[in-house]
Amino acid sequence: MEFLVHWSITALSLWVASFLFHGISFSSKQSILVSALLLGFANAIVRPIVIVLTIPLTLITFGFFLLVINALMILLVSSIVPGFKVSGFWTAFFASIFMAVLSFFVGLFIFQAGDNPVTFPVHDRVYL
């Protein structure tokens, strides 16, 4: 269930990013879902390997090179998925920042500490 929620959040952030960044486009809903799935796999498998290989560069740039790695993951997925187009590196760079922030806030709304769904407290009394 948690996998489907994260996949949906990634698909949502890709969809919103395609409206905000004119260099990102999708040909169909299917390409959004496949892109979100492959982006999740790329972030789980390829990204850690690239991070380990670029540790010195990441340390020299105080971690800012991780933003470049995020952009490269988006470009990698766009080169694999037909129907997902990214116009260039800078579009992927700023879209990856936007997607990370949006995913963080949507995930914060959906999950609390311990991965419990958000619950809204019910008050028995109204204080005046």
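User: Helix axes are lines fitted to C-alpha atoms over the stretch in contact, and angles run from 0 to 180 degrees between N-to-C directions. On that basis, at what angle do α4 and α5 pack, and how far apart are their axes?

Analyst: In this predicted model, α4 and α5 pack at an angle of about 110 degrees, with their axes 8 Å apart. Angles of 65 to 115 degrees count as roughly perpendicular, and α4 is therefore roughly perpendicular to α5.

User: What is the class make-up of the contact of α4 with α5, and which residues meet there?

Analyst: Twelve of the residues in this contact are nonpolar and two are polar, with no charged residues. From α4 come Leu-67, Val-68, Asn-70, Ala-71, Leu-72, Ile-74 and Leu-75, which meet Phe-89, Ala-92, Phe-93, Ala-95, Ser-96, Ile-97 and Met-99 of α5.

User: How do you know that the end-to-end distance of α4 agrees with its number of residues?

Analyst: The expected span of a helix is 1.5 Å times one less than its number of residues. Helix α4 (residues 65-80) has 16 residues and should therefore span 22 Å; its end C-alpha atoms lie 23 Å apart, which agrees. For α5, with 22 residues, the reach from first C-alpha to last is 31 Å, close to the 32 Å expected.

User: Which residues of α4 and α5 are buried, and what do they pack against?

Analyst: A residue is buried when its relative accessible area is under 20%. In α4 this applies to Phe-65, Ile-69, Asn-70, Ala-71, Met-73, Ile-74, Val-77 and Ser-78, which pack against α2 (29-53), α3 (55-60), β2 (84-86) and α5 (89-110). The buried residues of α5 are Thr-91, Ala-92, Phe-93, Ala-95, Ser-96, Met-99, Val-106 and Gly-107; they pack against α1, β1, α2, α4 and β2.

User: Why does Thr-54 count as buried, and where is Thr-54 placed?

Analyst: The relative accessibility of Thr-54 is 16%, so Thr-54 counts as buried, the limit being under 20%. Thr-54 lies in the loop between α2 and α3. Neighbours within four places in sequence aside, Thr-54 is in contact with Phe-65 and Ile-69, both of which are among the buried residues of α4.

User: Is Gln-30 buried or exposed, and what makes it so?

Analyst: Gln-30 has a relative accessible area of 60% and is therefore exposed, since exposed means over 50%. Gln-30 belongs to helix α2. Its C-alpha atom is separated by 10.0 Å from that of Phe-84, 54 residues away along the chain.

User: What makes a set of residues a nonpolar core, and how many residues has the largest one here?

Analyst: The members must be buried nonpolar residues joined through side-chain atoms within 4.5 Å. The largest such core has 22 residues, and those with the most contacts inside it are Leu-14, Ile-24, Leu-39, Ile-74 and Phe-84. Two or more residues come from each of α1 (2-20), β1 (24-26), α2, α4, β2 and α5. The largest share, six residues, is that of α4.

User: Which residues is Leu-14 in contact with, leaving aside its neighbours within four places in sequence?

Analyst: Leu-14 is in contact with Phe-26, Ile-32, Ser-35, Ala-36, Leu-39, Phe-84 and Met-99. Leu-39 and Phe-84 are, like Leu-14, listed among the core residues with the most contacts.

Technical notes:
Residues numbered from 1 in each chain as written. Predicted model: local features only at pLDDT ≥ 70, side-chain atom pairs only at ≥ 80, totals over all residues. Heavy atoms only, no water. Helix = DSSP H or I, 4+ residues; strand = E, 2+ residues; numbered from the N terminus. Buried < 20%, exposed > 50% of the residue type's maximum accessible area, 1.4 Å probe, protein only. Contact = heavy atoms within 4.5 Å. Parallel < 35°, antiparallel > 145°, perpendicular 65-115°, else oblique. Nonpolar A, V, L, I, M, F, W, Y, C, P; charged D, E, K, R; others polar.
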